[in-house]
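Trainee: I'd like a close look at just one part of this one. Could you walk me through it?

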Amino acid sequence: MATAAAEVQLKHEYAVKTLGVVKEYVMGKQTLQALKGVDVEIRAGEYISIMGPSGSGKSTLFNMIGGLDKPTRGKVYIDEVDISGLDAFELAWLRCRKIGYIFQTFNLIPVMTAIENVTLPMIFAGMTTQDAMDKGAELLQLVGLGERIRHKPLELSGGQQQRVACARALANDPAIILADEPTGNLDLRTGHEIIELLRHLNKEKGVTVISATHDLKMLDASDRIIWIRDGRVDKIERRDELDIAIGTVEGENEA
Amino acid sequence: MSLTARESAGIRRQIKLPNSEAVKIAVRSLKIRFWRSIITAAGIVLAIAFLTYVVTAGSIENAMRAEDAPMDLAAMQKAATRIWLIAISLLICVVGISNAMLMSVTERYREIGTMKCLGALDWFVVKLFLIEAAFQGIAGSLVGAVIGVFAAVLAGMSEYGFAVFGSMPWGTLFLNIILALLVGAVLSTLGAIYPARRAGRMPPADAMRTEV
Ligand SMILES: Nc1ncnc2c1ncn2[C@@H]1O[C@H](COP(=O)(O)OP(=O)(O)OP(=O)(O)O)[C@@H](O)[C@H]1O
Ligand SMILES: [Mg+2]
């Protein structure tokens, strides 16, 4: 019994773990190593920012962690499960229910209205249409788009689209939210609202948030910051260590 | 793998796309991309109209000839040309329709990648695009077949006058329409399955970055 309890605790200690993750892109004769062996451990309930210059491999790491692409070498564990061993169903289940994705380019489905975008993951998860519509409306309300549920993505502003994407990421109450530069295409204020929303989810619901970003405002919300440089983890800092790092933050600007 | 077999079976039941939802999504998507759907369908209409015209003109001519004379040399030559024409119009159908579908699915790789991020299985993608393609294929072929038959009857009239209606092989014309529908539906479905399957099997990250 005691061991079982310990096991349960162990199972939930790390929401995400990577072991020596290498990603190579082969283009003709050239091979580009976008990730050169990344080890990170992220506990359940943490708010993590991944920082680094453009081209350092943040999006690539995001794709690996989210099961959206396969590493060339190395392992990714979600809740201590090696995701390379998952079959198509399990992988779809992971993407559907365990992880919510937010992209810099929003990636809403253009032929669907806001509410249809938000309810799609719920339909995949087997929810009835009525339940999905109710929950979808609730989520859009939560992100402040209660009046715009019938609008198509192109009829919404960038900030509004990203809020729809946030609502969609929350559709099946994921344990992990992966956000790749969620504020990258937004103005300061809208960006701030998105960050507030993520922080709220993290604090109130215990959702693990992992967010790649250039946005210094993000640092304030994070528990830890993982600095990526040239496909490697440069350093990992806790927020209370942060003021020392501001100099480095300024240094990033040249990149 | 640390998932037990039971958990795994549970997961299997938990990811789904009911047929009713799939049809709804496909119809909505056709409606919203109305003009794009029309252009794709127009390709199908033209190809099928041509095929139906050639086949039907042949049927009408056969019917008219059966009335007066046995086959002479000129008629035999005409029949041979007709077979060529049918072969060519079939080829046009294969190339034209599969190209139209191929393009209309390929330009939506990003959408497919996004769906996979939201938990779609490969065959959800195939199913959605299959339904869309079937609708476009059937609607396009129906219009095309009707246009083709109409044109062939007009051509028959200009050649034989109103006498053409006396020996019109209505049964054969109906059969031609059914055949054209079948050809159109099968070709557009095949043309859609291939890119949808390809995109469905890609890792979502790759599908989302594919630009056409
Ligand atoms: N599909 C791909 N094919 C080839 N090279 C790629 C591919 N995806 C990424 N790369 C390369 O891998 C490196 C890391 O790219 P990545 O997109 O992960 O950077 P990033 O840190 O997210 O940058 P940004 O901040 O600009 O988004 C880059 O040099 C990029 O050119
Ligand atoms: Mg990036």
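Predicted model: local features only at pLDDT ≥ 70, side-chain atom pairs only at ≥ 80, totals over all residues.

Trainee: Which residue takes a positive phi just after H5(A), and about how many degrees is it?

Mentor: That's A:Gly144, with a positive phi of about 80 degrees. Residues are numbered from 1 along each chain as its sequence is written, chains are lettered from A and ligands numbered from 1 in the order in which they are written, and side-chain values use heavy atoms, leaving out hydrogens and water.

Now back along H5(A), which takes in residues 129-142 of chain A. Helices here are DSSP runs (H or I, at least four residues), numbered from the N terminus. The expected span is 1.5 Å times one less than the number of residues, so 14 residues should give 20 Å, and the end C-alpha atoms agree at 20 Å apart.

Next, its faces. A:Ala132, A:Lys135, A:Gly136, A:Leu139 and A:Leu140 are the buried residues (under 20% relative accessible area, 1.4 Å probe, protein chains only). They sit on the same side of H5(A) because their arc around the axis is only 140 degrees, taken from the directions from the helix axis to the C-beta atoms. As a rule, an α-helix has 3.6 residues a turn, so residues three or four places apart point the same way. Helix H4 (114-124) and helix H6 (158-169) of chain A are among what covers those buried residues, with contact meaning heavy atoms within 4.5 Å.

Terms used:
Helix = DSSP H or I, 4+ residues; strand = E, 2+ residues; numbered from the N terminus. Buried < 20%, exposed > 50% of the residue type's maximum accessible area, 1.4 Å probe, protein only.
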